[in-house]
Amino acid sequence: MSISSSTYSWDRGFSIDFSLTDGLSAVGQSTRRHLADMKDMFADKAAAEKLSANSNPLVYEFYELGTPEHPGDVAFGSSIVYPGKVGDEYFFTKGHFHTILETAEIYYCLSGTGFMLIESPEGDWQALPLSPGQAAYVPKRYAHRSINCGNDSLITFFAFRGDAGHNYGTIETKGYRKRIVEKNGKPTIIDNANWVD
Ligand code: MN
């Protein structure tokens, strides 16, 4: 289904049915990323090749409403990261900076467990825990990536300034400075060996 900004009354207000477990499937527009779309972002290249050639799993998807790209509007929707790993590395979203770097974002966790990995251009980073009922505040200037460290779908509701935009920049070439892998059955933060200043 294609959603144009005129589907909703951005100027006069609206309320919508928002199914938390189905994302916005009834009303929204989904973008899906399968492993083949992002396999170079995982550390274990051999495992990524093999898994994408075999089942090419859906890693994540997000639903949005076609919010006008206007500074006074608030874009919102939901993101679903499916459970899984490539080698020992948990499934994640590509992550992005905002094109208007000085804009923040709120994520509210509806189900699942994991982390919001945030990182500034200067290299300050944090892994903010996500579990049902927790909100994560992604400050302005920080890139952000959701990582599913559990066995269920990690579902979050997000909201950000309508015209903030997405900038993948260095993330698609170098990734983040940190990765989250499973070690002895637990999520563990390690350095990204591919990161070169
Ligand atoms: Mn964002």
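For a salt bridge I take a side-chain nitrogen of Lys or Arg within 4 Å of a carboxyl oxygen of Asp or Glu. This is a predicted model, so I use local features at pLDDT of at least 70 and side-chain atom pairs only at pLDDT 80 or more, while totals for chains, interfaces and linings use all residues. Residues are numbered from 1 along each chain as its sequence is written, and side-chain values use heavy atoms, with hydrogens and water left out.

**Salt bridges.** My search of the whole structure gave 10. I looked up Arg177 and Glu119 and found their side chains meeting at 2.7 Å, N to O. Arg177 sits in the loop between helix H2 (169-173) and strand E12 (178-183), and Glu119 in strand E7, so the pair ties together parts 58 residues apart in sequence; helices (H or I, at least four residues) and strands (E, at least two) are DSSP runs, numbered from the N terminus. Both Arg177 and Glu119 are buried, buried being under 20% relative accessible area, exposed over 50% and partly exposed in between (1.4 Å probe, protein chains only).

Next I checked Glu61, which pairs with Arg32 at 3.3 Å between the closest N and O atoms. Glu61 counts as buried at 3%, whereas Arg32 is partly exposed at 47%.

His98 and Glu105 are both buried.
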